[in-house]
Amino acid sequence: MDPTTIKADQFLDTSGLSCPMPLLKTKKMLKELAPGQILHILGTDPGSKNDIPDFGNKNGNEFLGMYDADDGSTNYFIRKG
């Protein structure tokens, strides 16, 4: 699946936040989604490149992919299980 074509149900901007805040905000936002919905997370913290994909495949959720934007930010996609 090409992550640049994923249509998300919710968007979370964690730009400018450092670890562990992007992961904590991702966990909180996923709790608010219905099963099957997709969360798009935008972040700039380099540590999130390991944390969010690892977390995304836990608790029945599915990490769908990520890509880096030209501005240095990273876009992540998780489907709630």
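**Notebook: salt bridges and a nonpolar core**

I began with Asp68, which is partly exposed at a relative accessible area of 47%. I keep in mind that this is a predicted model.

Next I asked which residue forms a salt bridge with Asp68. I found Lys49, with the closest N and O atoms 3.2 Å apart. This pair links distant parts of the chain, as Asp68 lies in strand S3 (residues 62–68) and Lys49 in helix H2 (residues 48–56), 19 residues apart. I then checked Lys49, and it is partly exposed, at 34% relative accessible area.

How many salt bridges does the structure hold? I noted two. In the other entry on my list, Glu62 pairs with Arg79, and their closest N and O atoms are 3.3 Å apart. Here too distant parts of the chain are linked: Glu62 sits in strand S3 and Arg79 in strand S4 (residues 74–79), 17 residues apart. As a reminder to myself, side chains of opposite charge can pair when their charged atoms come close.

Then I turned to the nonpolar residues. The largest nonpolar core has twelve residues, among them Leu12, Leu23, Leu30, Phe55, Phe63 and Ile78. Helix H1 (21–32), strand S2 (38–43), H2 and S4 each supply at least two of its residues. The largest share, three residues, comes from H1.

Last, I picked Phe55 and asked what it is in contact with, beyond its neighbours within four places in sequence. I wrote down Leu23, Thr26, Lys27, Leu30 and Ile78.

Definitions and conventions. Residues are numbered from 1 along each chain as its sequence is written. This is a predicted model: local features need pLDDT of at least 70, side-chain atom pairs count only at pLDDT 80 or more; totals for chains, interfaces and linings use all residues. Side-chain values use heavy atoms; hydrogens and water are left out. A salt bridge is a side-chain nitrogen of Lys or Arg within 4 Å of a carboxyl oxygen of Asp or Glu. Helices (H or I, at least four residues) and strands (E, at least two) are DSSP runs, numbered from the N terminus. Buried means under 20% relative accessible area, exposed over 50%, partly exposed in between (1.4 Å probe, protein chains only). A nonpolar core is a set of buried Ala, Val, Leu, Ile, Met, Phe, Trp, Tyr and Cys residues joined through side-chain atoms within 4.5 Å. Contact means heavy atoms within 4.5 Å.
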